[in-house]
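Thank you for making the time this morning. Please take a moment with the sequence and the model before I go through some of its parts.

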Amino acid sequence: MSEQHITLPEGSIERQTQTLNLGPTHPATHGVFQNILEIDGERIVSSESTVGYIHRAFEKIAERRPYYQITPLTDRLNYCSSPINNMGWHMTVEKLLGIQTPKRVDYLRIIIMELARITDHLICNGVVGVDSGAFTGFLYLMKYRELVYEIYEEICGSRLTTNIGRVGGFERNFTPAAFEKIERFLKEYPVALKEFETMMNRNRIFMERTQGVGPISAERAMNYGFTGPNLRAAGVDYDVRVAQPYCSYEDFEFTIPVGTTGDCYDRFLVRNAEMWESLSIIRQAMDKVKELPSDVYHADVPAYYLPEKSAVYTKMEALIYHFKIIMGESDILPGELYNPVEGANGELGFYLISDGGRSPYRLHFRRPCFIYYQAYGELIKGAMLSDAVICMSSLNLIAGELDA
Amino acid sequence: MSLTNDYIKQRLAEKFGESISQVEESFGTMSFTAPKDLNLKVMQFLYDEEELQFRFLTDLTAVHYPNRTGEELAVVYHLYNFKERVRLRMKVYTSIEDTRVFTATRLFESANWMERETYDFFGVNFVGHPNLKRILNVDEMTYFPMRKEFPLEDQTRTDKDDEMFGRGGHIGI
């Protein structure tokens with residue numbers, strides 16, 4: 001960076017560097033946000049990020065909506081793993097209300113959350129491949145995301161923005177077909193993931209493109225508020241699932257993979273290793289679910305759990321509770337809490353203040369993307385333009401989560 | 001886990017005495033209020049002390065309480081200790097006329113954008129921030145949209161009666 005490529009004559013109106021817009025709509029940004037890069041040849045001298053292109057004022061909207069209508073808003077934060085956001089929100093409300101969910105509900109939730117983590121990581125790692133010139137892996141893994149989406153579809157009817165589950169549990173029980181689909185995924189995906197790893201992990205070209213690119217030290221990462229795989233790649237073993245277990249994660253055996261240098265290669269490896277851990281967690285959860293009574297899929301909290309539609313039509317109590325919940329007459333307790341879950345990108349936090357009204361007094365989403373994206377300028381300073389692209393995809397920036 | 005909320009409370013009381021108020025515990029997280037001119041000193045103390053080490057700023061946001069005269073805006077910091085796995089909530093109240101609060105960017109890089117977001121939506125003026133401008137809204141905006149005086153639905157509309165649907169002007173607290 002220190003060497004100068006062009007020497008301009010005295011008083012020239014030309015500049016030594018040029019400005020390049022990476023985004024707002026550029027295939028390499030994988031989302032709508034802008035980076036104004038000041039480049040000298042191919043080297044990045046400085047950069048400035050602009051976000052907010054798809055800001056939808058979720059926090060404001062949430063102040064007018066009853067609790068069960070906020071779930072679809074959370075879908076649209078990190079839309080690559082919306083079930084985690086949904087569950088995180090349900091668990092926040094449950095914690096506020098003091099609802100204890102049955103073990104089976106917890107395990108079913110863990111299955112769904114870990115599937116979501118896998119889809120998020122496989123897209124991220126696939127895209128790292130695409131941005132370094134290896135399209136095959138992405139295309140190959142895409143099939144398995146489709147399998148997971150079929151599982152969501154079987155459980156809740158939708159695929160990308162899932163709105164899965166309810167406060168208290170799930171809207172309906174898992175069908176045998178859903179379990180079959182999960183079993184199929186557990187059987188087929190490890191084979192594909194192994195092949196993907198064989199292709200990428202020790203690939204000379206891939207290693208040279210990613211090693212030492214966009215590194216960050218553990219200390220800087222913590223100071224920048226990194227969480228999730230990006231922090232773990234820098235060598236800090238912080239994972240909300242272990243640090244502050246929720247949803248019965250304490251019943252499971254798994255390890256937290258960590259990296260050392262915090263560069264793109266380590267982030268890639270950490271995400272891959274996490275997918276293996278997630279698969280193992282799902283396997284354990286499936287075994288645990290088999291031992292529990294198969295008709296439990298929600299907590300017994302009629303005042304907050306939306307009853308089944310057929311019961312609303314035929315039973316008096318169900319009709320009353322349905323009416324009360326929809327009309328916002330179920331009392332939500334006043335209280336204030338911060339509830340984090342381990343999202344696919346890091347610590348997804350819900351800071352909720354309730355004054356007892358039908359909607360939150362204040363709801364704030366701690367979006368991991370928004371916080372660690374600040375470090376992007378520091379990560380790519382002095383790097384090549386092509387490194388900036390690969391660094392961005394390995395951070396896994398999701399525009400929906402940036403802007404909320 | 002040796003770091004308990006009682007111990008943190010005791011250390012804060014020793015150092016800052018009466019300035020630390022409203023110490024309470026909800027859902028296992030300790031929460032306290034610091035005067036706004038001491039916010040940096042308290043955070044620095046929590047950061048530096050060998051036994052406390054709150055070195056991670058998890059979240060920073062604000063809340064608007066229009067009915068609390070003189071302290072309408074609360075800036076809320078969530079601090080975290082990685083080693084002891086303890087979370088702490090610190091609040092700093094400021095009046096809506098004079099919203100100056102010291103920035104935490106010198107202590108935490110992560111505070112940069114979070115403070116910009118808080119400024120953008122609540123108009124908290126973080127003194128000493130390197131680049132305090134709007135982040136998610138357009139630069140031309142002249143108001144702070146997350147304040148409670150901007151209801152989402154027009155509360156004066158008369159063409160529909162939705163008292164039954166709980167949509168009346170709900171200000172709360």
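**The nonpolar core**

In this predicted model, the largest nonpolar core holds 156 residues, and those that touch the most other members are A:I111, A:A388, A:C391, A:L402, B:V75 and B:L79. A nonpolar core here is a set of buried Ala, Val, Leu, Ile, Met, Phe, Trp, Tyr and Cys residues joined through C-beta atoms within 7 Å, where buried asks for 20 or more other C-beta atoms within 10 Å of a residue's own, with C-beta atoms placed from the backbone. Helix α4 of chain A, residues 103–131, gives the most to this core, with 14 residues.

As for numbering, residues count from 1 along each chain as its sequence is written, and chains are lettered from A in the order in which they are written. Because the model is predicted, local features need pLDDT of at least 70 and side-chain atom pairs count only at pLDDT 80 or more, while totals for chains, interfaces and linings use all residues.

Turning to the two chains, 33 residues of chain B are in contact with 37 residues of chain A, contact being C-beta atoms, placed from the backbone, within 7 Å. On the chain B side, β3 (56–64), β5 (86–94) and α3 (111–122) each supply at least two residues, and β3(B) gives the most, with six.

Finally, helices α5 (residues 135–156) and α6 (residues 176–200) of chain A pack at about 165 degrees, with their axes 10 Å apart. They are therefore roughly antiparallel, the word used for angles over 145 degrees.

Terms used
Helices (H or I, at least four residues) and strands (E, at least two) are DSSP runs, numbered from the N terminus. Axes are lines fitted to C-alpha atoms, for helices over the stretch in contact, and angles run from 0 to 180 degrees between N-to-C directions. Angles under 35 degrees count as roughly parallel, over 145 as roughly antiparallel, 65 to 115 as roughly perpendicular and the rest as oblique. A residue is buried if 20 or more other C-beta atoms lie within 10 Å of its own, exposed if 12 or fewer, and partly exposed in between; C-beta atoms are placed from the backbone.
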